[in-house]
Amino acid sequence: MGLNGGPYRFRPAAVGDLPLLAVWLREPEVACWWQDADEQLELLREDLADPRMVMRIVSFEARPFAYVQDYEVHAWEQPHLAAFPVGTRGIDTFIGDPAMLGRGHGSAYLRLLAQHLRAEGAPMVVVDPDPANQRAQAAYAKAGFQALDLAATEDGPARLMVFV
């Protein structure tokens, strides 16, 4: 199943996207969940060279508006994800363009990506938003993710949600 068949387009993130990502990381809705924009930008810069991380810019009708990354959950030590089968993909994402919030775009592109990852062989796709991030949890649920238990992480509690 391809990712680029409708109004949503996914393209690999590149070094040239770092200025746009820097702007997005400073948007209030992003900054409250992806704290310390400078640190996050540096992590994204480092991950561009890491083959374990798939980083994408999401566009709607040719308008870039979101960032999404996916990775095999066992590629890094993450005890709260250790019980998931090998090959499970984890997703982290944000909508950087505030004009695109609250319009159903998040659930739409997340569903497309999760379906694509499953079609590519991932046994499951998992997300772990902050339990206080109701907007993210609603988007994931609308995309087809099912809420599981709360989990302890090094960054605090997380709500595990899975797309099977």
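Predicted model: local features only at pLDDT ≥ 70, side-chain atom pairs only at ≥ 80, totals over all residues.
Local features need pLDDT of at least 70 and side-chain atom pairs count only at pLDDT 80 or more, while totals for chains, interfaces and linings use all residues. Residues are numbered from 1 along each chain as its sequence is written, and side-chain values use heavy atoms, with hydrogens and water left out.

An unreviewed UniProt entry carries the annotation "domain: N-acetyltransferase" for residues 8-164; such annotations may be inferred rather than shown by experiment. Over residues 8-164 the chain is 31% helix and 31% strand, with the end C-alpha atoms 22 Å apart. Helices (H or I, at least four residues) and strands (E, at least two) are DSSP runs, numbered from the N terminus.

Strand β7 (residues 156-163) pairs with β5 and with β6. Pairing requires that DSSP finds at least two bridges between two strands.

| Strand | Partner | Sense | Bridges |
|---|---|---|---|
| β5 (residues 125-127) | β7 (residues 156-163) | antiparallel | three |
| β6 (residues 146-153) | β7 | antiparallel | six |

β6 and β7 form a hairpin, with two residues between them.

Asn133 lies in the loop between β5 and α5 (134-143). Asn133 counts as buried because its relative accessibility is 10%, where buried means under 20% relative accessible area, exposed over 50%, and partly exposed in between (1.4 Å probe, protein chains only). A polar atom of the Asn133 side chain lies 3.0 Å from the backbone nitrogen of Ala136.

Notes: Polar contact = N/O pair within 3.5 Å; in protein donor to acceptor, adjacent residues only side chain to side chain.
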